[in-house]
Amino acid sequence: MTFNIPVIGHWIDGAPHASASGRTAPVFNPATGEVTGRVALADETEIAAAIASAKRGFEEWSGWSVAKRQGVLFEFRELLNARRGELAAIITAEHGKVLSDAMGEILRGQEVVELATGFPHLIKGAYSENVSTGIDVYSMKQPLGVVGIISPFNFPAMVPMWFFPVAIATGNAVVLKPSEKDPSAALWMARLWADAGLPAGVFTVLQGDKAAVDGLLESDDVASISFVGSTPIAQYIYEAAARHGKRVQALGGAKNHMLVLPDADLDLVADQAVNAGFGAAGERCMAVSVLLAVEPVADELIARIAERIGRLRIGDGAGGGPAKPDMGPLISAEHRAKVAGYVEIAEADGARIVVDGRGLAVEGREDGFFFGPTLIDDIPTDSRAYREEIFGPVLSVVRVATFQEGVDLINCGRFGNGTAIFTNDGGAARRFQHEVQVGMIGINVPIPVPVAYHSFGGWKASLFGDAKAYGVQGFDFFTREKAITSRWLDPAAHGGIDLGFPQNT
């Protein structure tokens, strides 16, 4: 009954904060279709309280020594190592991905936590002595203040961890607005920060919808916005944040291609195409959604992929279905209908549906939001199903005659997030990495997500703003540099008065 369903609230001032807005949205278990909770949707009062708490937290935290801040980061790292199984279970319950995938998400986010523990080296300034007679110039890096993070449903732990470890390490206070679809992971991480000794207000969770997003975008007390989501929303975030004078990194959507040359190992390609196309039910911005097969390999490759799809187990990632399923459900019934709509568009445009995931039912989980792996051949490149991001377990094949035709198809697309080439020809791979207009490239690697000490982000309509996530660019984004020009006069050799323009001598 609805009156027994818990309301998932905020985390403000270092503690759970019940909402009084009266507005909520349902939270589902995607594997069963059941409503398991209702998430609070913040009103203006709660938005203001969250930002004010973060502002107070920043005033304290930014005054802590580097050594003390680093100690908290190390403690958070240890707690996350010890208890990450709890977080994986929460992700599976609200997102639907299988437990092994949820654990993998946490481990990739944890890489950024590891990077952030070494932050003192990355926030050092520089010093130049005697640049002009008796004058030194040096620089220092300081935190921005209160920073906002707006994260998507598909990675409720990893995507926030792309940003908040770096932001907190460098002395900022974070307000995290998680997706309404899976809000509980953020609260779990907030409690872990408190257990690690982080002062109240430095990590705040603000649940909500567009009102909370706009509250962060419009507040004079929020210095920056970090966002991951669809391209239309990324563009909105970028424009609104810039209009309000904020720094912004807004990572958008993708249509990632895998170019397969005739000399490639087709068993390796088939394995990796299945992994990259259907992992996390295709709900990831680095999923491979188009396979460009340089003929004559398409028919053989399609047969091998279809055979592997037939062996995949689809079910409840938390149990109650096939033992250890490979793939779970989609996030919602609405999203499942959207994915099915793209398959219908492809079919109407003349594509051939080789493996059809529509109408999949899982025994014992008939009300879950399941959609089976889908393989499409000969999709026209003017079809919306080819051009637009589907964000589901749909892999399309386009047959091309040459290497150059494949590169041209990738480069003429509006997205530039990730791409891959599979070949045993080093010269072709080197030419590919030079010519392709994409931000992240894999060579015989299907999902080229950079390790934490390199930065994550695409080109074109996949990234708005010029700052990528984590890595050195992340530390630059969350700090401001001051340059100081200093002269300490020798009392015995005073320079006297000179009204002329200063010159380097």
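The lining of the largest pocket is made up of 16 nonpolar, 10 polar and nine charged residues, where Ala, Val, Leu, Ile, Met, Phe, Trp, Tyr, Cys and Pro count as nonpolar, Asp, Glu, Lys and Arg as charged, and the others, Gly among them, as polar. This is a predicted model, in which local features need pLDDT of at least 70 and side-chain atom pairs count only at pLDDT 80 or more, while totals for chains, interfaces and linings use all residues. Residues are numbered from 1 along each chain as its sequence is written, and side-chain values use heavy atoms, with hydrogens and water left out.

Stay with this pocket and select Phe-153, Phe-227, Gly-229, Ser-230 and Ile-233, which are the closest to its centre of the 35 lining residues. The volume is about 880 Å³, taken as the space filled by probe spheres set on grid points that are joined across faces, edges and corners. On a 1 Å grid over the protein atoms alone, a pocket is an open set of points with protein on both sides within 12 Å along at least five of seven lines, a cavity is a set where a 1.4 Å probe fits but cannot get out, and lining residues have an atom within 4 Å of a point. Helices (H or I, at least four residues) and strands (E, at least two) are DSSP runs, numbered from the N terminus.

Now show the open sheet of seven strands, ordered β15-β16-β17-β14-β13-β19-β20 with mixed pairing, where two strands pair if DSSP finds at least two bridges between them. Its edge strands, β15 (352–355) and β20 (440–443), each pair on one side only. Within the sheet, β13 (256–260) and β19 (418–422) run parallel over four bridges, and His-257 has Thr-419 of β19 as its bridge partner.

The largest cavity holds about 110 Å³, and Gly-282, Arg-284, Ala-287, Ser-289 and Phe-391 are the closest to its centre among 15 lining residues. The second largest cavity holds about 40 Å³, with a lining that includes His-95, Asp-101 and Met-327.
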